[in-house]
Amino acid sequence: MMVDFLRLCLDDDFRYRVNLRSEHFINLIRSGYAKNKIIRNEYDKYIYEIAKSRIKVSGKFSKYNELFFDEYAASYSTPEIPGIYRSKRLKNNDILDLGSGAGMQDIFFSMNSHVTGIEIDENRYLMSELNKIPYKSKAEFINGDANNFLKEFYGIIFSDPLRPGSSMERTVNELIPNPLKIISKYKNKYAFDLPPQMSWDNIIIPGEKEYISINGKLNRLTVYSMDLSLSASSAVMLPRNLIIRGEPGDYKFEKTDVKKYIYLPDISIIYARLLNEISHYDLGLLNHDQRRYILTSYNLYNDFPGEVYTYLFSAHENDLVKKLKENDAKRIFFRFNVDDYYKKKNYIEMELNGSRDIYIFKSDDFLIGAEKINFSN
């Protein structure tokens, strides 16, 4: 059983051998070897699953090659960058995590606070004990039912509830444990992770809604109780450590023609409904959908909270390849919804032999080509 294998991994020598074999399996998997060509015995079956999980989290954790996950934990564990950010936000507190999973957020909480994680699943409890070793974490983990440990606790309750995999529309009531039941039963300060794509109208927990993005991709939604709130809504852009706070509200940019620069506000700003907080920039609207706003200006703003592009050309779809060749394109990236995205992208790129990456936007009935500006250079 997996639980027996994980218990053995608590021994330093056994864990060392598992890590070496896992690294070997990772190399074989990445080289295309089939599962039945890798596994030789019962332990290999567990090491193979660990190796697959480590591949999945390799971009999330600096010590990924020493961590233990199952498939769910590998998908939903808090990555290192937002984990450390939230540890700093809630520093110098006593934190109790209900349903701590494989322990990653608590490992980061422990950098700045005392934290206890309670996990009912024994496999994930053992994973958390293993995962705190490479980080030298002082987080405490308990294998048990959280309801048995809350009577005398007066610190911050944190929870990243389980999400049912079959749900069509995320709601608070389907999460396990249910945040509303925790709030009604205990009077503690709280911070709850919710599915970041959850509809705004379904977020019925009172407090600050904090949306976190990593490199422009939405990653986390945390709701903080009123006594922990810093604003009604917030957008946190990592690793830039750029934070916008304010009152959520509608803002309508004036429709305009394309100008010298194109701007895409960070996705966290859109979900936090804080476009009003960037209204001081002189920007007009080219187009928008549920995921992105495409704005434009004659002015270059190097502090803009999002992506910035230099306008290159406009074209109808029939003239796109011609315009791409004229602008020395090598690769293209669509910044609007496209059916058969990769098929269309690859088909066009076969015609190109230039050196530039060009991004394609849509405005009304024509396409816009632009080149991304990297201010770090």
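# Reading a predicted fold: charges, strands and rings

Reader: Let's start with a charged pair: which kind of link do the side chains of Arg 7 and Glu 122 form?

Author: They meet in a salt bridge, with 2.6 Å from N to O. Arg 7 belongs to helix α1 (residues 2–9) and Glu 122 to helix α8 (residues 122–131), so the pair ties together parts that are 115 residues apart in sequence. Before we go on, this is a predicted model, in which local features need pLDDT of at least 70 and side-chain atom pairs count only at pLDDT 80 or more, while totals for chains, interfaces and linings use all residues. Residues are numbered from 1 along each chain as its sequence is written, and side-chain values use heavy atoms, with hydrogens and water left out.

Reader: And how do I read "salt bridge" and "helix" here?

Author: Side chains of opposite charge can pair when their charged atoms come close. The rule asks for a side-chain nitrogen of Lys or Arg within 4 Å of a carboxyl oxygen of Asp or Glu. That gives 22 salt bridges in this model. Helices (H or I, at least four residues) and strands (E, at least two) are DSSP runs, numbered from the N terminus. The protein chain has twelve helices and 16 strands.

Reader: Which salt bridges have both partners buried?

Author: Here are two. Asp 193 and Arg 86 form one, at 2.4 Å from N to O. This pair links distant parts of the chain, with Asp 193 in strand β5 (residues 189–194) and Arg 86 in helix α6 (residues 80–89), 107 residues apart. Both of these residues are buried. Glu 210 and Arg 89 form another, their closest N and O atoms being 2.8 Å apart. Glu 210 sits in strand β6 (residues 208–214) and Arg 89 in helix α6, so the pair ties together parts 121 residues apart in sequence. Glu 210 and Arg 89 are buried as well.

Reader: Which residues are in a network with Arg 89?

Author: Glu 208, Glu 210 and Arg 245 are linked with Arg 89 in a network of salt bridges.

Reader: On to strands: in what order do the seven strands of the open sheet run?

Author: Two strands pair if DSSP finds at least two bridges between them. Here the order is β11-β12-β10-β13-β16-β15-β14, with mixed pairing. The edge strands, each pairing on one side only, are β11 (284–288) and β14 (329–334). Look for Leu 285, whose bridge partner in β12 is Leu 295.

Reader: What does Ile 269 touch?

Author: Contact means heavy atoms within 4.5 Å. Ile 269 lies in helix α10 (residues 267–271) and is buried, at 0% relative accessible area. Setting aside neighbours within four places in sequence, its contacts include Ala 235, Met 237, Ile 244 and Pro 305.

Reader: How should I describe two rings side by side?

Author: A pair of aromatic rings is described by the distance of the centres and the angle of the planes. Rings of Phe, Tyr and Trp (its six-membered ring) pair if their centres lie within 6.5 Å; planes under 30 degrees apart count as stacked, over 60 as edge-to-face and the rest as tilted. This model has 23 aromatic pairs. One of them is Tyr 281 with Tyr 301, edge-to-face at 4.9 Å centre to centre and 65° between the planes. Tyr 281 is in the loop between α10 and β11, and Tyr 301 in the loop between β12 and β13 (306–315), 20 residues apart. Both tyrosines are buried. The rings of Phe 334 and Tyr 341 have centres 5.6 Å apart and planes at 80°, so that pair is edge-to-face. Phe 334 is buried at 3% relative accessible area, whereas Tyr 341 is partly exposed at 23%.

Reader: Which rings have a charged end sitting over them?

Author: For that, NZ of Lys or CZ of Arg must be within 6 Å of the ring centre and within 35 degrees of the ring normal. Arg 54 has its charged end over the ring of Phe 68, 4.9 Å from the centre. Lys 345 does this with Phe 333, at 4.1 Å from the ring centre.

Technical notes:
Buried < 20%, exposed > 50% of the residue type's maximum accessible area, 1.4 Å probe, protein only.
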